[in-house]
Amino acid sequence: MANNITRRQVMIGGLAVAAPLAALGAVGCGDDDDSAAAATSGSQDHAAETTAAVEAGPVVAPRAPHTPFPAEAPPRSTTRVHTIEFEVDEHLLEIAPDRTMLAWTFNEPGEPGRIPGPVVRVTEGDRVDFTLRNTGTLQHSMDFHAAKISWSRHYGPVDVGETATFSFTAKIPGVFMYHCGVPPVLLHIGQGQQGTIIVDPADESLLPPAREFVIVQTDLYPGKNGEISDFAQLEAATPELVVFNGYASQYTGKDALKIKKGERVRVFVQNAGPSRWSAFHVIGALFDRVFLEGIYPENLTRGSQTLNLSPSQGAVVEFTVEEEGTYPFVSHDFHDATKGALGLFTTNGEST
Ligand SMILES: [Cu+2]
């Protein structure tokens, strides 16, 4: 595929020389590559079949202009049994200014499908009764990383129009991915079928009161407008965009995330991939508490500049800012920050 950098005209210049913060958020997209590669391997054959199936259906226009994905974490759960039902949505979704992709998403009934899927929050020991209604046009499935249940018994493909149910007990507190597992998984996750389940520790003292956010990093490989992802780019792991909560640089300008000086800020960070690693970093802050892969005292790290997350991993980071101002958050893999993995925390509602 052609070099994305040259044709996308993505700009994040000047960070090292203290350019205006507004420049950090300027992400735009150029024309698509004309050289879509033909699928040849076994998995690519599957993708090609999938492409044909999707292209045979109607292309639906975006339902609504983009609105910021709510970054505020849902509150701690108050029930011990959670009935969760997801449907499948296959539709055009805006992922950057003037850029859409034909996304495959999970959504609660009646809610719009977004990337990532709904944030689920339960507490250690809670039971989750899950239902997937395949309201899409292809097979899909669900795989909860928070569950310790059999893949072969519960995570199999669900046919179009069919419903699958399974239950699990969330035994391990942490920040876990969920995703569709239908082959090629690379494509289904890349299309947007991924999200986060937070499992709070039963011991509430481990997560004292704080302003809480959820940030999910995703690498995106949109095809031409109205088509599914570019599978050659997916295989090469060369995303066009890398985004937090489904949209390039969305928490900038008036949508910067509001925090307060001296207030404890907690971020549940998930790297949903499918393929890029994440180097979550807040410019001007240090994480003074970090829980990586499980919220237990023995997993608590004190003092961290950057969170290193492989695809699928999640963690909790906490920090407090000591001055009024604006604090960008990025993937410190700046290859990806330039592609949209960037946002702003601000104490005063101003981001520039
Ligand atoms: Cu799927």
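I begin with the metal site. The copper ion has as its protein donors His-140 through ND1, Cys-180 through SG, His-188 through ND1 and Gln-193 through OE1, at 2.0 to 2.2 Å. Donors here are N, O and S atoms within 2.8 Å of the metal (3.2 Å for Na, K and Ca), and since water is not among the atoms, sites may look incomplete.

Two remarks on provenance. This is a predicted model: local features need pLDDT of at least 70, side-chain atom pairs count only at pLDDT 80 or more, and totals for chains, interfaces and linings use all residues. Residues are numbered from 1 along each chain as its sequence is written, and side-chain values use heavy atoms, with hydrogens and water left out.

How is the arrangement around the copper ion classed? The four donor atoms subtend angles of 90 to 136°, so the arrangement is irregular. For reference, four donors count as tetrahedral if all angles lie between 85 and 135 degrees; four count as square planar and six as octahedral if opposite donors are over 155 degrees apart and all others between 65 and 115; anything else is irregular.

Along the sequence, the donor residues follow the spacing H-x39-C-x7-H-x4-Q. Cys-180 sits in the loop between β7 (174–179) and α4 (185–190), while Gln-193, 13 residues apart from it, sits in the loop between α4 and β8 (194–200). Helices (H or I, at least four residues) and strands (E, at least two) are DSSP runs, numbered from the N terminus. Cys-180 is buried, at 0% relative accessible area, and Gln-193 is likewise buried at 0%. Buried means under 20% relative accessible area, exposed over 50%, and partly exposed in between (1.4 Å probe, protein chains only).

I turn now to strand β12. Nine of the nine residues of β12 (residues 265–273) are buried, so the strand is largely enclosed by the rest of the structure. Pairing requires at least two DSSP bridges between the strands. Phe-268 is the bridge partner of Val-214, and Val-267 stands opposite Val-317 in β17.

Finally, the largest nonpolar core has 27 residues, and Val-267 and Phe-280 are among those with the most contacts inside it. Such a core is a set of buried Ala, Val, Leu, Ile, Met, Phe, Trp, Tyr and Cys residues joined through side-chain atoms within 4.5 Å.
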